[in-house]
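Good morning, colleagues. Please turn to the sequence and the structure, which I shall now put on the screen.

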Amino acid sequence: MPIFISQGRYSRDAIKGMTANPEDRAEAATKLIEAAGGKMLAYYVTLGEYDWLIVSEFPDHQGVSASMLTAAASGGVTDTKTTLAMTTAEAKKVFAATGKATAAYRAPGAG
């Protein structure tokens, strides 16, 4: 199954609420991901540009999109982004396919 890495920020209200009542959000995130057809692989709170990072497994992009849209619609998270992650073996296949497709492509502005 494809693996996805999702990142985002907690909203100001969510941070205020978690400061007043600290909680571990992994259980809630796991339930959301499972309800959308996926599996939680890891959940991290991060310092820096993003507040959290989730590694999940979904059959396709629709499930991961549904889970991230649900979280964003709640108002508790903002600035979400999701990236498809590939193993090196999967990436090798993509590079091989790219090599075959190169002959059929003409770059914009190229003669």
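I shall speak about the sheet, then the nonpolar core, and then one tryptophan.

Please note that what you see is a predicted model.

Let us begin with the sheet. In what order do its four strands lie? The order is S2-S3-S1-S4, in an open sheet with antiparallel pairing. At the edges are S2 and strand S4, residues 77-85, each of which pairs on one side only. From one strand to the next, the twist averages 20°.

I turn to the pairings of S1. Between S1 and S3, which run antiparallel, there are six bridges. Phe4 has Ser56 in S3 as its bridge partner, and Ile3 is partnered by Glu57, also in S3. S1 also pairs with S4, again in the antiparallel sense, over seven bridges. There, Arg9 stands opposite Thr78 of S4.

Next, the core. The largest nonpolar core comprises 15 residues, and those with the most contacts inside it are Tyr10, Met40, Tyr43, Trp52 and Ile54. Which elements supply at least two residues each? They are strand S1 (3-10), helix H1 (12-20), helix H2 (26-35), strand S2 (39-45), strand S3 (52-57) and helix H3 (61-73). The largest share, three residues, comes from H3.

Finally, consider Trp52. Leaving aside neighbours within four places in sequence, what does Trp52 contact? Its partners include Ser6, Gln7, Gly8, Arg9 and Tyr10. Also in contact with Trp52 are Tyr43, Tyr44, Val45 and Thr46, together with Met68, Val77 and Thr80.

Thank you for your attention.

Definitions and conventions. Residues are numbered from 1 along each chain as its sequence is written. This is a predicted model: local features need pLDDT of at least 70, side-chain atom pairs count only at pLDDT 80 or more; totals for chains, interfaces and linings use all residues. Side-chain values use heavy atoms; hydrogens and water are left out. A nonpolar core is a set of buried Ala, Val, Leu, Ile, Met, Phe, Trp, Tyr and Cys residues joined through side-chain atoms within 4.5 Å. Buried means under 20% relative accessible area, exposed over 50%, partly exposed in between (1.4 Å probe, protein chains only). Contact means heavy atoms within 4.5 Å. Two strands pair if DSSP finds at least two bridges between them. Axes are lines fitted to C-alpha atoms, for helices over the stretch in contact, and angles run from 0 to 180 degrees between N-to-C directions.
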